[in-house]
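Visitor: Hi, I'm new to this one. Can you walk me through it?

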Amino acid sequence: MVTIGVTSAFVQPNRLVQRGFKASSTQASMVESTSFIDSVFHVAQHLTPMAEIAMPPQATQLIHDIECSSSIVKITHICDNAMNSYSDMLRDRPLATKAATAGVVSALGDAMAQRRDASSLNISSKEYDIMKGASMIIFSVLYAGIFQHYWFDWLNNNLVETASAVHPSVAVLLAKSYGPNLLAASKLFLNQVFIVPTVYMPLFFAVTGALAGLTVNDSLTRARSQFLPLLQQKYAFWLPAQFIQFAFVSPEWQITYLCSAGLVWTMILSSFGSSCVSSESEIKAHTE
């Protein structure tokens, strides 16, 4: 944690300079500290062979620790820059970034689920089902990446005003100490009780059924038999997960959070793989 904090202090001055801002004297000294660490790391690389021969074990271990610390700083620096770049993309191109994130995470989650299913059946050479993977990607891009982008934007920016217009007492309730939690619970209720059964579930069965070559009647039959079991398992995981989203996650990161939670959702479902028939496992492999 200390290393991460120090690295963040090093990264920020560099980003300010790159964007044309004038760094303060404190920031400049931090940049010089980064150069000092790099210099120590360079010297340590050359001293290590000699240290192993001429120095006691304690000194050799110290040099190795310096090398490891410098490597951690560099890795943390790279990760921090990657997160900053992704945050910039969310700000500048939110819809495309969220859609791409939903598609990539969905593809990864589906690949994990297919591998899980093959392992549960003791099939080591089962080929990746491209059509099944494509159906999950298309569904996730349409629902998580595109629909939820607009839906969450409305919830985050218009729900309070709309509810207050319906009944003035809403504004009074939200002004109290429990107001933020009440607002998060209201968003959760609207999304899980209304949107999931009326938009999420029908879209999922329609997209996956169409790409699987099912007829409309077959898709309806499949939906009738699997609607409630899937909905129950979704509520058990997504009610607490999505309350955290609305209560603590900033709006621009909410789709990314849901995609990440969706990957965890797929991993949790792998424990149920041995008791799931193949048609059910196809449904359960999806991300939120």
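Guide: We'll take salt bridges, then a helix pair. Keep in mind that this is a predicted model.

Visitor: Okay. How many salt bridges does the structure hold?

Guide: Three.

Visitor: Which residue does Arg91 meet at 3.0 Å?

Guide: Asp88, N to O, side chain to side chain. Arg91 and Asp88 sit three residues apart in helix α3, so about one helical turn separates them.

Visitor: Is Arg91 buried or exposed?

Guide: Exposed, at 54% relative accessibility. Asp88 is buried, at 19%, because the cut-off for buried is under 20%.

Visitor: And what about Asp92?

Guide: Asp92 also forms a salt bridge with Arg91, with the closest N and O atoms 3.2 Å apart. Asp92 is partly exposed, at 47%. Asp88, Arg91 and Asp92 are linked in a network.

Visitor: What does Lys132 pair with?

Guide: Asp110, at 2.6 Å from N to O. That pair links distant parts of the chain, 22 residues apart: Asp110 is in helix α4 and Lys132 in helix α5.

Visitor: Are those two buried or exposed?

Guide: Both Asp110 and Lys132 are buried.

Visitor: New topic. At what angle do α4 and α5 pack?

Guide: About 145 degrees, with their axes 8 Å apart. α4 passes α5 in a right-handed crossing.

Visitor: Which residues make the contact?

Guide: On α4, they include Pro94, Leu95, Ala99 and Asp110. On α5, Lys132, Met136, Ile137 and Tyr150 are among them.

Visitor: How do the contact residues divide?

Guide: Eleven are nonpolar, seven polar and three charged.

Terms used: Residues numbered from 1 in each chain as written. Predicted model: local features only at pLDDT ≥ 70, side-chain atom pairs only at ≥ 80, totals over all residues. Heavy atoms only, no water. Axes fitted to C-alpha atoms, helices over the stretch in contact; angles between N-to-C directions. Helix = DSSP H or I, 4+ residues; strand = E, 2+ residues; numbered from the N terminus. Left-handed = near helix turned anticlockwise from the far one by under 90°. Contact = heavy atoms within 4.5 Å. Nonpolar A, V, L, I, M, F, W, Y, C, P; charged D, E, K, R; others polar. Salt bridge = Lys/Arg side-chain N within 4 Å of Asp/Glu carboxyl O. Buried < 20%, exposed > 50% of the residue type's maximum accessible area, 1.4 Å probe, protein only.
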